[in-house]
Amino acid sequence: MNADTTAWEERGTVRVVEPVRSRKLAKVPFVELAEGRLQGVVSSGSDIARVYVSAIAADSHALSCGTNNNRPCGGSHGYACKHLQALVKEAEIQYGVERVARYLGVEVGEDGGVLAGLRTAPAGAPVGGVFSRFLRHLAYLERADSKAPLPEMAWFPATGAVAG
């Protein structure tokens with residue numbers, strides 16, 4: 001390992017962070033702290049076939065929210081729409097308030113949540129990449145049970161242990 005890399009960059013696996021509390025996935029099926037953003041997929045309250053890709057940039061707190069077919073959210077005008085609010089709430093459940101606040105660079109508000117500490121500004125949505133990762137996660141849920149190897153997972157080290 002050279003001095004310019006961290007230990008996790010030299011491994012074939014990444015540590016999985018257990019959720020702080022279990023959460024229901026119906027409203028926000030996908031949430032992550034990645035690429036300098038809190039980002040995820042939020043289900044539409046009115047159309048079962050529509051989802052929103054919502055994101056808040058760390059430090060700048062730039063907000064973005066748009067549908068899976070690249071249409072902007074009607075409720076996002078420089079403040080946190082209901083999709084972004086749901087995303088933050090689920091991220092706080094998944095990762096804990098302190099971790100989300102630290103990642104976004106905000107002080108926890110008097111209400112004990114992250115939203116009150118945001119200095120919001122509108123930004124373009126990272127829809128394509130986030131939605132693509134969400135669909136990849138869904139594809140694994142649709143696979144039939146099998147002990148056969150998955151070629152796309154071949155880079156994982158064979159330890160003999162079964163995750164479960």
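**Entry 1**

I looked up R50 and found it partly exposed, because its relative accessibility is 31%, which lies between the limits of 20% for buried and 50% for exposed. I note here that the model is a predicted one. D47 is also partly exposed, with a relative accessible area of 29%. I then checked the two side chains against each other: R50 and D47 meet in a salt bridge, at 3.7 Å from N to O. Side chains of opposite charge can pair when their charged atoms come close.

How many salt bridges does a search of the whole structure find? I get 2. Besides the R50 and D47 pair, I list E35 with R37, where the closest N and O atoms are 2.7 Å apart.

**Entry 1: E35, Q39 and the β1-β2 hairpin**

I followed E35 next. E35 sits in the turn of the hairpin that β1 and β2 form, with 2 residues between the strands, and has a positive phi of about 55 degrees. The side chain of E35 also makes a polar contact of 3.5 Å with that of Q39.

Q39 belongs to strand β2, residues 37-43. Is Q39 buried or exposed? I find Q39 buried, because its relative accessibility is 0%. The bridge partner of E32 in β2 is Q39. Strands β1 and β2 run antiparallel and are joined by 5 bridges.

I went through β1, residues 30-34, and found the strand mostly covered, with 5 of its 5 residues buried. F30, E32 and A34 point one way, V31 and L33 the other, and all are buried. In a regular strand the side chains alternate between the two faces of the sheet.

I checked burial along β3, residues 51-57. With 7 of its 7 residues buried, β3 is largely enclosed by the rest of the structure. V51, V53, A55 and A57 point one way from β3, while Y52, S54 and I56 point the other way.

Which strands pair with β3? On one account, β2 and β3 run antiparallel with 7 bridges between them, and S43 has V51 as its bridge partner in β3. On the other, β3 pairs with β4, residues 62-67, in the antiparallel sense over 5 bridges, and S54 stands opposite C65 in β4. I also looked at the hairpin of β3 and β4: 4 residues lie between the strands, and D59 takes a positive phi near 70 degrees.

**Entry 2: nonpolar cores**

I looked up the largest nonpolar core and counted 26 residues in it. Those with the most contacts inside this core are L38, I56, L84, L87, V100, L104 and V114. The elements giving two or more residues to it are β1, β2, β3, β4, α1 (82-95) and α2 (97-104). The largest share, 6 residues, comes from α1.

Leaving out residues up to four places away in sequence, I56 touches G36, R37, L38, H61, A62, L63, L84, V88, L104 and L118. R37 on that list is the residue that forms a salt bridge with E35.

A second, separate core has 5 residues, including F30, V51, V53 and F134. F30 is one of the residues I listed for β1, and V51 and V53 are among those I listed for β3.

Note on methods
Residues numbered from 1 in each chain as written. Predicted model: local features only at pLDDT ≥ 70, side-chain atom pairs only at ≥ 80, totals over all residues. Heavy atoms only, no water. Buried < 20%, exposed > 50% of the residue type's maximum accessible area, 1.4 Å probe, protein only. Polar contact = N/O pair within 3.5 Å; in protein donor to acceptor, adjacent residues only side chain to side chain. Pairing = 2+ DSSP bridges. Salt bridge = Lys/Arg side-chain N within 4 Å of Asp/Glu carboxyl O. Core = buried A, V, L, I, M, F, W, Y, C linked by side-chain atoms within 4.5 Å. Contact = heavy atoms within 4.5 Å.
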